[in-house]
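The stops below go from strand to sheet to helix.

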Amino acid sequence: MRIVVVCGAGASSTFVAVKLRSAARSRGADVEVQPGSASQLESLAGVDVVLVGAHLEYAVPALRERAAATGTAVAVLPPVSPAALDGERALDLALNARATTL
């Protein structure tokens, strides 16, 4: 499964991506996680889940509309600082979003 984590500038998404990779490794899950900024999210081809920083929730409706064409799930991360975010919880959010989209 390919997950893309987006935030405003890309710094927070990198931190979250590290936590997601660690959680996936501990579960033995085959997950590729890519960080990025919302402005870099041009194509959703090959992306299974987009996790969006809570501060970008305003952009989610338009992103979901675009994602429908590719079957990409979109979920909003909880409104906590990246340092406080639980990687296991974020991975569960991505997995549940994907299962709901299928």
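Helices (H or I, at least four residues) and strands (E, at least two) are DSSP runs, numbered from the N terminus. This is a predicted model: local features need pLDDT of at least 70, side-chain atom pairs count only at pLDDT 80 or more, and totals for chains, interfaces and linings use all residues. Residues are numbered from 1 along each chain as its sequence is written, and side-chain values use heavy atoms, with hydrogens and water left out.

**Stop 1: Val-5**

Select Val-5, which lies in strand E1. Is Val-5 buried or exposed? At 1% relative accessibility, Val-5 counts as buried. Here buried means under 20% relative accessible area, exposed over 50%, and partly exposed in between (1.4 Å probe, protein chains only).

Now show its contacts, meaning heavy atoms within 4.5 Å. Leave aside neighbours within four places in sequence. Val-5 then touches Ser-13, Val-16, Leu-20, Val-33, Gln-34, Pro-35, Gly-36, Leu-51 and Leu-77. For a distance check, pick Leu-56: 51 residues from Val-5 in sequence, 12 Å away in space, C-alpha to C-alpha.

**Stop 2: Val-4**

Step back to Val-4, also placed in strand E1. Val-4 is buried, with a relative accessible area of 5%. Beyond its neighbours within four places in sequence, Val-4 is in contact with Gln-34, Leu-41, Val-47, Val-49, Val-50 and Leu-51. Asp-92 is 88 residues from Val-4 in sequence and 14 Å away, C-alpha to C-alpha. In a regular strand the side chains alternate between the two faces of the sheet.

**Stop 3: the sheet**

Colour the strands. What is their order? It is an open sheet of 4 strands, E2-E1-E3-E4, with parallel pairing. Two strands pair if DSSP finds at least two bridges between them. E2 and E4 stand at the edges with a single partner strand each, so one side of each has no neighbour in the sheet. From one strand to the next, the twist averages 20°.

Zoom in on E3. E1 and E3 pair in the parallel sense over 4 bridges. Ile-3 has Val-49 of E3 as its bridge partner, and Val-4 stands opposite Val-50 in E3. E3 and E4 are likewise parallel, over 4 bridges. There, Val-52 stands opposite Val-76 in E4. Both faces of E3 are covered: Val-49 and Leu-51 on one side and Val-50 and Val-52 on the other are all buried.

**Stop 4: helix H1**

Select residues 11–27. Helix H1 has 17 residues and reaches 25 Å from its first C-alpha to its last, close to the 24 Å expected at 1.5 Å a residue. That expected span is 1.5 Å times one less than the number of residues.

Which residues of H1 are buried? Ser-13, Val-16, Ala-17, Leu-20, Ala-23 and Ala-24 are. Seen down the axis of H1, these fall within an arc of 130°, so they line one face of the helix. The arc is that of the directions from the helix axis to the C-beta atoms. An α-helix has 3.6 residues a turn, so residues three or four places apart point the same way.

The buried residues pack against E1 (2–7), E2 (32–37), E3 (49–52) and helix H3 (87–101). H1 lies across E1, E2 and E3, at about 170° to E2. Such angles run from 0 to 180 degrees between N-to-C directions; the axes are lines fitted to C-alpha atoms, for helices over the stretch in contact. Just after H1, Gly-28 takes a positive phi of about 75°.

**Stop 5: helix H3**

Move to H3. Its buried residues are Gly-87, Ala-90, Leu-91, Ala-94, Ala-97 and Arg-98. They cover an arc of only 125° around the axis, which puts them on the same side of H3. E1, H1, E3 and strand E4 (73–76) are among what covers them. On the other side of H3, Arg-89, Asn-96, Ala-99 and Thr-100 are exposed.

Finish on two polar contacts, pairs of N or O atoms within 3.5 Å; within protein, one must be able to donate a hydrogen and the other to accept it, and residues adjacent in sequence count only if both atoms are side-chain atoms. At the N-terminal end of H3, Asp-86 is the cap, with a side-chain oxygen 2.8 Å from the backbone nitrogen of Glu-88. In H3 itself, select Arg-98. The Arg-98 side chain reaches the backbone oxygen of Gly-71 at 2.8 Å.
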